[in-house]
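Hi everyone, thanks for coming. Have the sequence and the structure open while I talk, and stop me whenever you like.

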Amino acid sequence: MNYLMDTSNEKTILVVEDERPLLEAIKRKLELNGFSVVTARSTEQAYSYIEDIGKIDAVWLDHYLLGKESGLDFVARCKAEGSGCKDIPIYVVSNTASADKVQSYLRFGITKYFVKAEHRLDEMIKEIRLHLETGKE
Amino acid sequence: MIKNKPVENEHMDLRWVKARADAVLESLGEGLVVVDKEGKILLLNRTAGEMTGWRPDEVTGEKFLEDVLPKENEAGERIQFKKSILQEVLKGKKITINALTPYWMVRRDGTRFPISITVSPVSIDGDVIGAVEVFRDISKEHELETAKNEFISLASHQLRTPLSTVSWYTEMLLAGDVGEITEEQKRYLGEIYVGNNRMINLVNALLNVSRIETSTIFIGNEPVDVAKVIDDVLSELEPLIEEKKHTIDKHYKDKKIPILRADKSIIHIIIQNLILNAVKYTGENGTITIDLESKQGLTLIVKDTGYGIQKNQQNQIFTKLFRADNIQGIVTDGTGLGLYMVKKILEKLGGKIWFESEENKGSTFYVNWPASGMREQRGTTHLISGQS
């Protein structure tokens, strides 16, 4: 059996990021690490992916996005009672690290907040993988 | 006739004194209020009236200063004039509230403007009989300060996005994610990566400084194991310490260190700055001694065998953007912001920093945290840990 061909265990991550170059790098690096990736640049796109694809294992989310809504609006809607994505872990990766924003995100129940410029991609992906596999942060 | 002359002169003198005082008070560009020991207004000059919307004759006599000219902090909370200011002044102290942490004066119509204030005691023959408050409208300074800080904050945020792009793409090239690279290419990319990281640290330092200066920083209050924080910082700095072949003497190791009530991330930043400085400003094979003393609060001692600071520049070491002459050719990646930031933040927390230094022998830096712990502050921003 060829394990490389077996994609049934592959996790799907929805990356929501408005900056195209960053989005491309994140997607590539996640794919190289064995994740399947879908990308969105606005919350609207993100919602429709969640509705259409269904099987999303985690969300990688930026704060400022294209369109009217920010990452915080997305989290508020996603983590609300009865929402289809309530149990999907969300990792916020943003350069806007004011304490009140970080607090708001954490209150809504995101899994982790990374300050973008402070972390290497491989570091964050390692943490996300560990968390998805073991439930540990 | 001759007898009356001196009396008349005395009257003349008193009238002259009064006229002179009135002229000074009326032409003064600052608001001025005199109160008695209870805080009742005895005198209010024209400028104070014009600034706040009151006529001096309406408020002098029976009215209390804190009712007529209420003051607030930035968040809009009332300042208890009698309790927190007047009582101190009656003990003979002079109180100054400057433009860096201004109060707001509330006008008769409910609108407000930022002020700097000085309140001083008024005494006769050594007995304090009241106080005089002088205040100035600092709206212009305040606007400039706010604009400056907003600019720094915005610019720093905007700078971080392209910095992230450079950082992540370089990381991927170095990792061979898009194909193998030669050793020489690897070295070149390594330089880009290091240079970019320096820029990230500089932007973080600027952001931190602007946050401290705007007082928007959040200072928490939690139990902190300072010895553990030192260990964490040392393990972060391990690659640099190894590269410079320094010996680290951990004198605090066999001591029982009390738990400090403070903000852990801020303690981390302070310790990180001091140890990083010791490592950076000590030539190869140096010794860095770290100790904790739990007398009068907790004192951190970081001693190095480094380049030291020359005597004639020691008074400038905490100045923003200052870098000593003797290290400018040796250590090129200093920002001149680290110690400035540490000092500012300690002033806010109620802590102290001082040092001893001799050129070419080394420096010893001391930081003292009061036993009562750090002052809490409910701000909106956090400081960013990083090497400034």
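Predicted model: local features only at pLDDT ≥ 70, side-chain atom pairs only at ≥ 80, totals over all residues.

You can find T165(B) in helix 6 of chain B, which covers residues 139–174. What does T165(B) touch, once we set aside its neighbours within four places in sequence? The answer lies in the other chain: T165(B) is in contact with P21(A) and L22(A).

Let's follow that into chain A. Chain A has five helices and five strands, and along the sequence they follow the pattern β-α-β-α-β-α-β-α-β-α. There are 137 residues in chain A, and 34% of them are buried. If you take the contacts in chain A with a separation of 6 or more, 59% of them link residues 24 or more positions apart.

Here is one residue to look up in chain A. Is G54(A) buried or exposed? G54(A) is exposed, because it has 10 other C-beta atoms within 10 Å, and 12 or fewer counts as exposed. G54(A) sits in the loop between helix 2 (43–53) and strand 3 (58–61) of chain A. Its C-alpha atom is separated by 8.9 Å from that of C85(A), a residue 31 positions away along the chain.

Now over to chain B. Its secondary structure comes to 12 helices and 14 strands. Of the 388 residues in chain B, 31% are buried. Among contacts in chain B with a separation of 6 or more, 63% are between residues 24 or more positions apart.

Next, the inside. The largest nonpolar core has 40 residues, and those with the most contacts inside it are V226(B), I270(B), I271(B) and I275(B). Several elements of chain B give two or more residues to this core, including helix 7 (183–213), helix 8 (226–236) and strand 14 (362–369). Which element gives the most? That is helix 10 of chain B, with 10 residues.

Let's look at a pair of helices. In general, two packed helices are described by the angle between their axes and the distance between the axes. Helix 10 (residues 264–280) and helix 12 (residues 338–349) of chain B pack at about 145°, and their axes are 10 Å apart. Their crossing is left-handed. Helix 10 of chain B brings I266(B), I270(B), N273(B) and N277(B) to the contact, while helix 12 of chain B brings G338(B), L339(B), V342(B) and I345(B). By class, that makes five nonpolar residues, three polar and no charged ones.

Let me finish with helix 12 of chain B. It has 12 residues and reaches 17 Å from its first C-alpha to its last, close to the 16 Å expected at 1.5 Å a residue. Its buried residues include Y340(B), M341(B), K343(B) and L349(B). What covers the buried residues of this helix? The cover includes helix 7, helix 10 and strand 13 (352–358) of chain B. And just after helix 12 of chain B comes G350(B), with a positive phi of about 85°.

That's my tour, and I'm happy to take questions!

Methods
Residues numbered from 1 in each chain as written. Chains lettered and ligands numbered in written order. Axes fitted to C-alpha atoms, helices over the stretch in contact; angles between N-to-C directions. Helix = DSSP H or I, 4+ residues; strand = E, 2+ residues; numbered from the N terminus. Left-handed = near helix turned anticlockwise from the far one by under 90°. Contact = placed C-beta atoms within 7 Å. Nonpolar A, V, L, I, M, F, W, Y, C, P; charged D, E, K, R; others polar. Core = buried A, V, L, I, M, F, W, Y, C linked by C-beta atoms within 7 Å. Buried ≥ 20, exposed ≤ 12 C-beta atoms within 10 Å, placed from the backbone. Expected span 1.5 Å × (residues − 1).
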